[in-house]
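Here are a few exercises to work through with the coordinates open. Try each task yourself before reading on.

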Amino acid sequence: MSDTTVTPPVTPNANFKPRIFSGIQPSGNLTLGNYLGALKRFAQKQDEGIETIYCLVDMHAITVWQDPEALRRQTREAAAAFIASGVDPSKSILFNQSQVGAHAELAWLFNCTARLGWMNRMTQFKDKAGKNAEKASLGLYAYPALMAADILLYHATMVPVGEDQKQHVELTRDIANKFNHDFGVDFFPEPEPLIEGAATRVMSLRDGSKKMSKSDPSDASRINLTDDADTIAKKFRKARTDAEPLPETVDGLSERPEARNLVNIYAALADMTSAQVVAEFAGKGFGDFKPALADLAVDKLAPISTEMKRLMDDVTEIDRILGKGAEQADAIARPIVEKTYDIMGMVRSR
Ligand code: ATP
Ligand code: MG
């Protein structure tokens with residue numbers, strides 16, 4: 001018998017228990033992209049037996065101007081969308097970021113870890129600041145360091161996000177790695193982005209090269225979770241497409257971004273693969289496919305918007321849930337930020 005012991009492979013996160021963190025900005029009406037890329041998967045992850053922490057990142061939302069009354073309503077409405085999509089506040093921690101001060105504190109510490117060169121490569125800043133970067137807020141530029149703080153404040157190891165947030169999670173890994181290296185510790189995990197499913201990047205209905213976003217000025221570019229059945233049908237009917245029928249295989253979609261987007265949306269809503277959708281609709285034109293897609297979307301979204309409306313009738317209850325979630329989040333976050341100060345050499349004497 002051999003006396004060699006088998007050691008498990010060393011991974012950066014071996015010392016950390018699995019924990020999921022993710023967030024959504026309450027910066028407008030939540031969209032079908034937010035639902036398929038984030039909310040739907042948040043609910044699935046919660047039911048996989050891993051600790052889940054979900055946050056309405058209101059401090060991210062204010063990196064672009066938000067009317068205070070609108071921000072309050074959007075935050076509560078986003079909380080309602082989480083719950084209506086299956087996030088259960090008795091199973092997941094659900095709260096808004098500004099109620100847990102440690103997010104801002106750790107973000108500052110990470111502003112001193114992150115390098116300007118890293119920030120300059122972030123595509124979201126370039127997309128959002130556009131040609132007028134000089135007029136963008138400093139917060140929009142520093143956004144990724146706050147996002148790293150959101151995740152690492154809980155020692156989260158997994159971050160379910162859409163494809164557009166992959167670069168930010170990678171930056172979070174760089175920040176964790178540099179912090180650990182600079183201070184000779186193994187204090188922060190290097191979280192993995194979880195980008196899964198058929199619709200990890202839902203595209204605008206008006207422009208197949210642009211991501212669907214709640215902050216897009218064109219309402220016709222997106223399906224809002226609160227849109228009624230007629231509006232959903234109309235937006236899909238008007239969605240830009242080419243004139244070809246659907247192909248026999250998914251390879252036939254490679255040069256057809258708008259068609260591919262609608263197929264991916266159908267697949268994600270129906271819990272099918274895109275290949276299965278193409279097999280079902282091969283040879284059919286958009287005159288057939290779009291109404292089928294609209295029916296499916298209404299079928300899946302109507303119960304969510306109905307439940308959101310019901311929850312919004314009692315904002316006191318929503319605020320209570322967010323307050324309780326914030327207390328639970330703070331109980332995890334406070335010791336971690338305190339330990340971070342300690343590692344960095346700040347005197348702690350009260
Ligand atoms: P904004 O325009 O204000 O940035 P947004 O629609 O991009 O809004 P975020 O709050 O930035 O939404 O992102 C919340 C979550 O939704 C993230 O996990 C993000 O990856 C995901 N997400 C956003 N847009 C899409 C999309 N079009 N397809 C798939 N996932 C998306
Ligand atoms: Mg976004």
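A salt bridge here is a side-chain nitrogen of Lys or Arg within 4 Å of a carboxyl oxygen of Asp or Glu. Keep in mind that this is a predicted model.

**Exercise 1. Apply the cut-off**

Solution: 
- Start with the distance: the closest N and O atoms of Arg 173 and Glu 190 are 3.7 Å apart.
- The cut-off is 4 Å, so the pair forms a salt bridge.
- Now place the two residues.
- For context, the rule gives a count of 24 salt bridges.

**Exercise 2. Describe the domain interface**

Solution: 
- Count the residues in contact: domain 1 supplies 20 and domain 2 supplies 20.
- Then get the area. The two domains bury about 1700 Å² between them, and 74% of that is on carbon and sulfur atoms.
- Finally, ask who loses the most on the domain 1 side: Leu 32, Ala 84 and Ala 198, which together make up 32% of what that side buries.

**Exercise 3. Polar links and the domain 1 side**

Task: find the salt bridge between the domains, then sort the domain 1 residues that touch domain 2 by element and by type.

Solution: 
- The count between the domains is one salt bridge.
- Lys 40 and Asp 271 meet in a salt bridge, with N to O at 2.8 Å.
- Four residue pairs are in polar contact across the interface.
- On the domain 1 side, the elements giving two or more residues are helix 1 (32-46), helix 3 (68-84) and helix 13 (315-344).
- Helix 3 gives the largest share, seven residues.
- By type, that side divides into 13 nonpolar, three polar and four charged residues.

Conventions:
Residues numbered from 1 in each chain as written. Chains lettered and ligands numbered in written order. Predicted model: local features only at pLDDT ≥ 70, side-chain atom pairs only at ≥ 80, totals over all residues. Heavy atoms only, no water. Contact = heavy atoms within 4.5 Å. Buried area = accessible area lost by both parts, 1.4 Å probe. Polar contact = N/O pair within 3.5 Å; in protein donor to acceptor, adjacent residues only side chain to side chain. Helix = DSSP H or I, 4+ residues; strand = E, 2+ residues; numbered from the N terminus. Nonpolar A, V, L, I, M, F, W, Y, C, P; charged D, E, K, R; others polar.
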